[in-house]
Amino acid sequence: QNPDKSWEDYLVGWQDEGISFAEMSRRCKAMGHDCSPSSIKTVLDLPLVIEKAPYAPRPETIPPEVYPALRQFVCDLYMEDDEITMSRVLQNIEEKFDLQITEYPVDRIRKEAGFVNLTVRYGHSVRLDNRQLRVDWCKKKIEEGCTFRHHVFTDESMIQLDPNSRKVWVMSTAREVRIKSAFKHPQKVLIWGGISWKGVTNLVVFHECCRVDSIEYCRILRDGYIQWESDTHSSETNHSSCKTMPRVMQRRQPNNS
């Protein structure tokens with residue numbers, strides 16, 4: 001050893017020689033400096049990579065000869081139904097392998113396979129009969145080079161006064177903060193509106209306990225669309241033949257709160 005060099009000066013050279021961090025730690029301890037492999041990685045500005053051995057359950061939990069098939073079976077269950085419950089998974093395992101296991105091995109299998117738990121996000125559902133029709137319609141518009149400059153796209157949205165977040169971030173020492181007061185039936189308002197190349201339509205706010213029937217829909221077109229359409233496209237000619245009217249709204253029963 002060179003007395004003019006500190007233990008940190010040797011690390012780079014040892015790294016170039018391909019010496020493991022565990023061996024570096026042992027050599028540092030022999031030099032009188034007690035440091036762990038993780039601290040050596042920090043000094044060398046290397047990312048801390050922890051190699052975890054694959055999960056292998058105890059034989060009394062899952063027999064080794066059964067584990068590969070059971071692991072693949074669990075992965076297939078979650079690939080087929082990502083909303084399947086743990087109780088249902090355990091039931092399927094018992095029926096197929098005649099094994100009664102706890103939730104822990106299944107949870108380890110999920111983590112090892114790369115499954116994560118996320119908040120569900122929903123989108124519009126299109127019936128099977130209409131899916132191909134929509135695809136064909138879109139392809140036709142693309143071939144025509146349609147830019148939708150004379151179309152109006154309308155939709156409605158329910159606005160709720162109170163937040164309804166399903167996840168919160170709190171300190172681990174103050175978990176009681178996640179408990180929040182909420183009304184059983186929060187106040188909601190249904191709003192109708194549209195957008196187009198020329199701008200946005202007037203907004204229509206549904207009054208309390210409103211039921212969207214034929215009369216109410218005519219009021220929507222009168223208050224939110226017809227006058228706006230007349231003012232917006234009054235300077236254009238022959239625009240009515242290439243413009244779509246707002247889509248028919250589905251009947252719904254608003255919240256009575």
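Predicted model: local features only at pLDDT ≥ 70, side-chain atom pairs only at ≥ 80, totals over all residues.
Residues are numbered from 1 along each chain as its sequence is written, and side-chain values use heavy atoms, with hydrogens and water left out.

The overall picture comes to 8 helices and 4 strands. Here helices (H or I, at least four residues) and strands (E, at least two) are DSSP runs, numbered from the N terminus. Read from the N terminus on, the elements go α-α-α-α-α-α-α-β-β-β-β-α. Of the 257 residues in the chain, 26% count as buried; buried means under 20% relative accessible area, exposed means over 50%, and partly exposed is in between (1.4 Å probe, protein chains only). As for contacts (heavy atoms within 4.5 Å), take those between residues at least 6 apart in sequence: 57% of them join residues at least 24 apart.

The chain has a mean of 77, and 76% of its residues reach 70 or more. Among the elements, helix H5 (residues 86–97) has the highest mean pLDDT (93) and H1 the lowest (78). Over residues 237–257, pLDDT stays under 50, and the model has 48 contacts beyond four places in sequence for that stretch.

Now to H1 (residues 7–16), where Trp7, Tyr10, Leu11 and Trp14 are buried. They are on the same side of H1, because they cover an arc of only 120° around the axis; the arc is that of the directions from the helix axis to the C-beta atoms. These buried residues pack against helix H2 (21–30) and helix H3 (37–43). Just after H1 comes Gly18, with a positive phi of about 85°.

Helix H4 (residues 67–80) and helix H6 (residues 103–113) have axes that come within 10 Å and cross at roughly 75°. Axes are lines fitted to C-alpha atoms, for helices over the stretch in contact, and angles run from 0 to 180 degrees between N-to-C directions. H4 and H6 are therefore roughly perpendicular, as angles of 65 to 115 degrees count that way (under 35 is roughly parallel, over 145 roughly antiparallel, the rest oblique). On the H4 side, the residues are Tyr67, Leu70, Arg71, Val74, Cys75 and Tyr78, and they meet Val106, Ile109, Arg110, Glu112 and Ala113 in H6. By class, this contact has 8 nonpolar, no polar and 3 charged residues. Ala, Val, Leu, Ile, Met, Phe, Trp, Tyr, Cys and Pro count as nonpolar, Asp, Glu, Lys and Arg as charged, and the others, Gly among them, as polar.

H5 meets H6 too: Met86, Val89, Leu90 and Ile93 in H5 touch Glu103, Val106 and Arg110 in H6. That contact holds 5 nonpolar, no polar and 2 charged residues. The axes of H5 and H6 come within 11 Å and cross at roughly 100°.

Most residues other than glycine have a negative phi. Asp98, though not a glycine, has a positive phi of about 55°, and Asp98 counts as exposed at 68% relative accessibility. Phe148 lies in the loop between helix H7 (128–144) and strand E1 (152–160). Its phi is positive as well, near 55°, and at 23% relative accessibility Phe148 counts as partly exposed.

Note on methods: pLDDT = per-residue confidence, 0-100.
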